[in-house]
Amino acid sequence: MICTPIAASTPDDLLAALPVAAAAADWLELRLDALHNLSVEAVLRALHHVLPRRPRPVVVTFRPREQGGFRDLSHADRLRFWHSALTTPAEAFDLETDLIAPLLPTYPPDHPVWARVVVSHHDFQATPADIHAFALAHFPPHAGTVKLAVKVNQPDDVCRLFDWLTGTPSATPSTWQKIPVGMGGLGVLTRILGPAYGARWTYSTGHDGRAVAPGQLTATELRETFRLSSLDRHTIVAGLLGCPVAHSLSKDLHNAAFAHLGLNWVYIPVEVSPDDLAPFLRDAIHPRTRRLPWTVGGYSVTLPHKVAILPYLDRLTATAARVGAVNTILVSGQELIGDNTDVAGAMRPLQQRFAVEGEPVAVLGAGGAAQAVVCGLVAAGAQVTVFARHPARAQDLGARFDVPIVPLDDFHGRRFVGLVNTTPVGMAGYAEGACPVPPERLEGLAWVYDLIYRPRHTALLQAASQQGIATLDGLPMLIAQAAEQLARWTGRDVPETILFAAAERALHSVRPAP
Ligand code: NAP
């Protein structure tokens with residue numbers, strides 16, 4: 001179940017938003033506190049006007065600013081509002097915990113309205129240490145639903161939220177339906193997997209796509225990308241570990257592949273800070289220590305963890321050991337294995353187009369992607385030279401693969417057949433429109449391969465095309481390394497056309513560039 005908040009500032013806008021929000025939501029949350037210029041009586045009139053026109057069940061919310069709401073409200077205003085609102089036929093009412101005692105004289109515990117009440121507690125700083133004890137102390141036993149929206153600051157917080165959701169200590173009222181909401185990067189696991197483990201619903205961003213709480217996803221993403229309604233306790237969880245992860249296309253590729261293959265898997269990008277890497281691997285992934293209740297199928301690894309993760313893995317594949325970096329975690333029995341599909345991902349599209357054996361090839365940049373490219377090119381028998389803006393930093397790469405490291409300014413295409421750009425120069429959000437080398441220095445090359453995929457036609461590739469040089473962009477590499485991951489996790493092959501279509505859809509969506 002997906003609940004989409006509508007935070008409109010006028011009754012007309014609220015009415016207009018109903019069908020928009022209803023397109024992807026199961027429930028609509030009427031954030032009446034967003035009607036910030038109206039008196040309590042005018043807000044109640046708006047509620048009475050909207051209710052007969054609701055296209056989905058609604059939960060009514062009227063939250064004061066100090067509890068995360070949009071407006072200042074006195075205690076008396078809130079009580080006046082709720083005494084009237086609770087008599088309406090709305091399907092649910094979200095009441096903050098401090099309102100329960102004052103409402104009891106009018107609505108005693110056995111009053112039927114409590115079955116429709118969601119008692120909520122918000123903490124934008126932290127998760128309670130003992131959630132079961134906290135819930136028993138703060139939520140009334142007669143509430144139909146209890147909601148705990150808290151900031152998760154560490155993997156342990158997520159584990160305890162799932163423990164609260166799935167566990168029922170003897171004192172817990174058996175009638176409670178629960179809604180755990182983890183706010184922040186790690187909280188994405190509660191937002192996507194909460195309903196599969198019994199949460200009454202999960203909150204999406206507002207109907208206009210804007211987040212009304214940190215970490216929310218749009219209802220369309222929840223429904224279409226993550227296939228929320230098909231997730232259950234048997235769903236195998238894969239994902240991405242990185243920081244940041246918001247703009248990664250991996251979730252689009254992998255989830256489209258799972259859907260195409262009919263696999264009960266989901267792929268969830270999780271923003272894991274360097275400090276959280278070891279605890280996240282321990283609590284959420286490693287088969288010997290995992291505390292979260294699902295089976296893990298595998299993880300992708302991206303910046304800044306590709307090298308930092310090495311000490312936490314039980315062993316590495318030969319490719320990952322050669323590259324010295326991991327972009328794929330495999331779960332095998334009780335072990336975590338570090339693998340690297342960037343090498344195959346980079347080389348497969350390249351070798352499908354151009355011969356490299358014995359050929360002089362220049363690589364621009366000496367970072368993580370360069371490690372995989374150089375590893376693959378050397379293994380394929382190319383004569384590799386690395387051009388780096390800080391050659392001193394690249395000495396380790398040079399020594400590891402026995403290739404020369406040369407200052408970037410010394411690059412000239414006449415000495416090479418092919419050029420691979422592994423720098424981010426020309427990428428959306430990073431020197432977009434710039435070329436990593438002066439265009440006239442491309443003269444003499446037969447082909448240019450740019451690993452950047454956003455945009456696909458970088459300034460470098462445009463300059464190469466104009467000079468009649470063959471080009472290859474970074475999208476086929478992204479697709480190929482994802483296809484390799486899928487095959488290693490699931491044992492299944494997915495047609496690359498499915499992955500290309502998913503990538504094209506995501507690249508053309510309105511999401512801002514990284
Ligand atoms: P990285 O580890 O940060 O390495 C970037 C490299 O580029 C470093 O050697 C860096 O040099 C150099 N560099 C950065 N800015 C530069 C500039 N203005 N001029 C010259 N050199 C510069 O990043 P990465 O993970 O290797 O990723 C690099 C690029 O490859 C990104 O655009 C990424 O999107 C792309 N990529 C694509 C795929 C794919 O599937 N298509 C996969 C991986 C990466 P310093 O060491 O001096 O900073």
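Trainee: What share of the 514 residues in the protein chain is buried?

Mentor: First, the word: buried means under 20% relative accessible area, with exposed over 50% and partly exposed in between (1.4 Å probe, protein chains only). Here buried residues make up 56% of the 514. Keep in mind that this is a predicted model, where local features need pLDDT of at least 70, side-chain atom pairs count only at pLDDT 80 or more, and totals for chains, interfaces and linings use all residues. Residues are numbered from 1 along each chain as its sequence is written, and side-chain values use heavy atoms, leaving out hydrogens and water.

Trainee: How many helices and strands are there in the protein chain?

Mentor: Helices (H or I, at least four residues) and strands (E, at least two) are DSSP runs, numbered from the N terminus. This chain has 17 helices and 20 strands.

Trainee: Which strands form the open sheet of six?

Mentor: Two strands pair if DSSP finds at least two bridges between them. Follow the order β17-β16-β15-β18-β19-β20, with parallel pairing. β17 (405–407) and β20 (470–472) are at the edges with a single partner strand each, so one side of each has no neighbour in the sheet. Inside, four bridges link β18 (residues 418–421) to β19 (residues 447–450) in the parallel sense, and Gly 418 sits opposite Trp 447 in β19.

Trainee: Which strands form the open sheet of eight?

Mentor: Read β7-β6-β5-β4-β3-β2-β1-β8, again with parallel pairing. β7 (177–183) and β8 (202–203) are its edge strands, each pairing on one side only. Two bridges join β1 (residues 2–6) to β8, and Cys 3 has Tyr 203 as its bridge partner in β8.

Trainee: How much space lies in the largest pocket?

Mentor: Rolling a probe the size of a water molecule over the atoms shows where empty space is left. On a 1 Å grid over the protein atoms alone, using a 1.4 Å probe, a pocket is an open set of points with protein on both sides within 12 Å along at least five of seven lines, and lining residues have an atom within 4 Å of a point. A volume is the space filled by probe spheres set on the points. In this case that is about 1500 Å³. Of the 50 lining residues, the closest to the centre include Thr 302, Leu 303 and Met 427.

Trainee: Which helix gives the most to the lining of the largest pocket?

Mentor: That's α16, with five residues.
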